[in-house]
Amino acid sequence: MLETSARLLRLLSLLQSRRDWTGPELAERLDVTARTVRRDVERLRALGYPVHATPGTAGGYRLGAGAALPPLLLDDDEAIAVALCLRTGAGGSVEGIEETSLRALAKLEQVLPSRLRRRAQAMEAVAVARPASLPGAVAQDVLTAIGAACRDHERLRFDYRAHGGTASRRTVEPHSLVHHGRRWYLLAWDTDRQDWRTFRVDRMDLRTPTGPRFAPRRPPSDAASYVARGVTSRAYRHQAVVVVHAPAEAVAEYAGYATVESTGPDSCVLRTGSESLDALAVYIGMLGVDFEVREPPELAERLRVVADRLARAAGAPR
């Protein structure tokens with residue numbers, strides 16, 4: 001049986017690992033009685049940890065939010081994962097977060113055991129972070145403001161610069177923030193157009209204050225899939241649908257800015273878009289597998305033009 005101090009740390013780690021626990025579950029994990037669990041919960045409360053209890057057969061324990069940030073207990077793999085995420089600083093998609101991430105990383109490394117510190121530093125030595133200011137990076141306070149509006153179901157008003165440079169003023173009911181292709185997008189219901197829309201966050205200039213609260217709507221599909229379809233095809237002049245004769249898992253690995261839907265063990269449908277038919281033809285050809293163009297018909301003709309051009313280049317004398 002664990003000593004009291006070690007058992008308290010183990011109990012705290014369990015309470016942090018998931019939202020709700022029953023007394024019998026905690027007792028089984030700690031190899032103690034339910035009575036000991038109750039006493040240990042009281043000890044944690046005496047130390048300032050807000051552990052909430054619900055009586056009854058369906059009751060249990062939950063670690064609440066306190067006035068101060070309590071010590072965070074991580075296992076070995078979790079600690080290494082956090083260190084690597086802090087090292088990469090959100091991939092350069094959030095402005096100004098790199099310095100904050102490095103400060104947090106320095107604090108984490110100070111309390112890591114030596115074995116974990118060596119592992120973390122070894123990974124950091126070879127991990128290459130993205131540039132600090134990638135095109136399309138957004139300010140942290142902008143993401144926070146949009147996230148709060150999504151959470152609280154409050155309308156957002158903002159000026160928006162579309163793909164072609166057209167400016168407009170929008171009022172939306174925000175649903176979700178989605179990170180896709182190193183950019184941040186907002187999925188929202190446009191109250192003027194009465195339809196779902198996807199907005200690039202770096203093209204939004206928020207207006208304050210936020211609008212009135214609204215009853216949330218159900219999006220047409222999950223937010224990530226909807227945004228992925230929008231930014232890989234709908235935003236472009238030419239939209240392509242291609243049947244690919246290869247498993248979806250193999251195609252998705254190289255698809256980049258496209259969506260891939262499985263239609264069988266050895267076939268899938270790829271949807272993508274571009275401002276140029278030539279670019280689409282070259283992109284699809286680089287997948288390295290057989291395919292058929294479903295739409296648009298102009299793309300099939302463009303493939304023949306590009307194929308003739310490549311054939312002439314391959315047969316040209318050196």
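**View 1. Arg 302 and Asp 278 meet through their side chains in a salt bridge, with N and O 2.6 Å apart.** The pair links distant parts of the chain, with Arg 302 in helix H11 and Asp 278 in helix H10, 24 residues apart. A salt bridge here is a side-chain nitrogen of Lys or Arg within 4 Å of a carboxyl oxygen of Asp or Glu. Arg 302 counts as partly exposed because its relative accessibility is 28%, and Asp 278 counts as partly exposed at 24%; buried means under 20% relative accessible area, exposed over 50%, and partly exposed in between, with a 1.4 Å probe and protein chains only. This is a predicted model, in which local features need pLDDT of at least 70 and side-chain atom pairs count only at pLDDT 80 or more, while totals for chains, interfaces and linings use all residues. Residues are numbered from 1 along each chain as its sequence is written, and side-chain values use heavy atoms, with hydrogens and water left out.

**View 2. An open, antiparallel sheet of 4 strands has the order S11-S12-S10-S13.** Its edge strands, S11 (259-264) and S13 (291-295), each pair on one side only. Two strands pair if DSSP finds at least two bridges between them; helices (H or I, at least four residues) and strands (E, at least two) are DSSP runs, numbered from the N terminus. Strand S10 (residues 238-244) is joined to S13 by 4 bridges, and Val 244 has Phe 291 in S13 as its bridge partner. Helix H11 (residues 297-315) lies across S10 and S13, running at about 140° to S13. Contact means heavy atoms within 4.5 Å, and angles run from 0 to 180 degrees between N-to-C directions of axes, which are lines fitted to C-alpha atoms, for helices over the stretch in contact.

**View 3. Arg 170 and Asp 190 form a salt bridge, the closest N and O atoms being 2.9 Å apart.** Because Arg 170 lies in strand S6 and Asp 190 in strand S7, the pair ties together parts that are 20 residues apart in sequence. Arg 170 counts as buried at 11% relative accessibility, as does Asp 190 at 0%.

**View 4. Arg 7 and Asp 40 meet in a salt bridge at 2.5 Å, N to O.** Arg 7 belongs to helix H1 (residues 4-17) and Asp 40 to helix H3 (residues 34-46), 33 residues apart. Both Arg 7 and Asp 40 are buried.
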